Amino acid sequence: MALKDNIQTLLAQVNDLKANNAEELEALRIKYLSKKGEITALFNEFRSVPNEEKRELGQLLNHLRQTTESRINELREQFEQKTAEADRLDLTRTPDPIALGTRHPLSLVREEIEDIFSRIGFTIAQGPEVEDDKHVYGLLNFAPEHPARDMQDTFFVEKEIGVQKPTDVLLRSHTSSVQTHVMANQKPPIRVLCPGRVYRNEAISARAHCFFHQVEGLYIDKNVSFADLREALLYFSKEMFGPETKIRLRPSYFPFTEPSAEMDISCNICGGKGCSFCKNTGWVEILGCGMVDPNVLEACGIDSKEYSGYAFGMGVERITNLKYRVKDLRLFSENDVRFLRQFESC
Ligand code: PHE
């Protein structure tokens, strides 16, 4: 019964035939099923078995051939699936459009302001957000008891956490602090723009936040006059809000400028006719300005008899609200992509 043993041995082998690729599979097919294959050889042997054994051995042999064929077919299907999957991967296809980030509206507007003033000779000056009293208030002619220094407005930095001691370290409440650094370190003529984040201790609402952004400007030279200030601000307003824009200066008070003014532009929403945005006045306030107080020049080491200068300061959020009609200040710092995506094309 050597034939029967041979058949059993092969049956045990073919049930777990393995192949790693199409070539190996073809080699298996040749090994077992080709004309010179092992199973074909057994069929040849079968011819000479005695008749009484033919039935049993014939069935066994057929079973062996079918098992081998189906195992080989099974392996072939596995390979075909893998190749089909690989074919579906198109390595030449361009990737899905990658969602690009958008510029933040405050950055867009800040850069536009910087751009407009750079065309009339202003350069950018930067300074620290964590400051001392001298640069934020002292050199700017704030009296020691001035209310802006009060805890209501200014964030003081505690030197030891949890211990409230009088401290000289604070978060700047305006970027005029950068101007004091510039005046103390540079000789006139000075023509700088100071953009940056500022902090004030205010309850957060749609109209106020504990931090916001400013762009302040300073020009110091011989014979700088209020007329120069007015011309520079008119130029800025027309560039920013359109050539039909008008400006109006109202007397005001700042410790560091004399005279001081607040500037309104004709409401760019109703064109000056009166609407809810301008509270039916036709005007909206956009900045504070004035001639640098001689006390400030002297405190910073600049001879006030030889030099004069003007300064102005505006809130970037306010300008952005006017330009893009953003109604709630909080949107600027919430990072809501639905808000930010609206500025994709700007
Ligand atoms: N520093 C002022 C503020 O923060 C703005 C200002 C700057 C006003 C320069 C006049 C001149 O409100």
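Trainee: Before we look at anything, when do two strands count as paired?

Mentor: Two strands pair if DSSP finds at least two bridges between them. Keep in mind that this is a predicted model.

Trainee: Okay, so how many strands are in the sheet, and in what order do they come?

Mentor: Seven strands make an open sheet here, in the order S1-S4-S5-S9-S8-S7-S6, and the pairing is mixed. Strand S1 (123-124) and strand S6 (247-254) are at the edges; each has a single partner strand, so one side of each has no neighbour in the sheet.

Trainee: How do S1 and S4 run, and how many bridges join them?

Mentor: S1 and strand S4 (residues 190-199) run parallel, joined by two bridges. You can find the pairs yourself: Thr123 has Val192 as its bridge partner in S4, and Ile124 stands opposite Leu193.

Trainee: And what happens between S4 and S5?

Mentor: Those two run antiparallel, with 10 bridges between them.

Trainee: Is S4 mostly covered or mostly open?

Mentor: Mostly covered: eight of the 10 residues in S4 are buried.

Trainee: Now the helices. Which strands does helix H7 lie across?

Mentor: Helix H7 (residues 176-185) lies across S4, strand S5 (211-221) and strand S9 (308-315), and its direction is at about 30° to S5. Then there's helix H10 (residues 316-324), which also packs on the sheet and touches S5, strand S7 (257-266), strand S8 (283-292) and S9, making about 60° with the direction of S9.

Trainee: How should I read which way the residues of a helix point?

Mentor: Here's the general idea: an α-helix has 3.6 residues a turn, so residues three or four places apart point the same way.

Trainee: Which residues of H10 are buried, then?

Mentor: Val316, Glu317, Ile319, Thr320, Asn321 and Leu322. These buried residues pack against helix H5 (105-118), S5, helix H8 (226-241), S7, S8 and S9.

Trainee: What about cavities: how many are there of 30 Å³ or more?

Mentor: The count is one cavity of 30 Å³ or more. The largest cavity has a volume of about 50 Å³. Its lining includes Leu140, Gln179, Glu216 and Phe256.

Trainee: Which element gives the most to that lining?

Mentor: H7 gives the most, with three residues. H7 and S5 each supply at least two. By type, the lining of the largest cavity has seven nonpolar residues, three polar and one charged.

Trainee: Let's do the backbone. Where do I find cis peptide bonds?

Mentor: Look at omega. A cis bond joins Pro188 and Pro189, with omega about 5°, and Pro189 sits in the loop between H7 and S4. Another cis bond goes from Glu258 to Pro259, where omega is near -5°; Pro259 lies in strand S7.

Trainee: And what is phi like at Arg325?

Mentor: Phi of Arg325 is near 55°, a positive value in a residue other than glycine.

Conventions:
Residues are numbered from 1 along each chain as its sequence is written. This is a predicted model: local features need pLDDT of at least 70, side-chain atom pairs count only at pLDDT 80 or more; totals for chains, interfaces and linings use all residues. Side-chain values use heavy atoms; hydrogens and water are left out. Helices (H or I, at least four residues) and strands (E, at least two) are DSSP runs, numbered from the N terminus. Contact means heavy atoms within 4.5 Å. Axes are lines fitted to C-alpha atoms, for helices over the stretch in contact, and angles run from 0 to 180 degrees between N-to-C directions. On a 1 Å grid over the protein atoms alone, a cavity is a set of points where a 1.4 Å probe fits but cannot get out, and a pocket is an open set with protein on both sides within 12 Å along at least five of seven lines; lining residues have an atom within 4 Å of a point. Grid points are joined across faces, edges and corners, and a volume is the space filled by probe spheres set on the points. Ala, Val, Leu, Ile, Met, Phe, Trp, Tyr, Cys and Pro count as nonpolar, Asp, Glu, Lys and Arg as charged, and the others, Gly among them, as polar. Buried means under 20% relative accessible area, exposed over 50%, partly exposed in between (1.4 Å probe, protein chains only).
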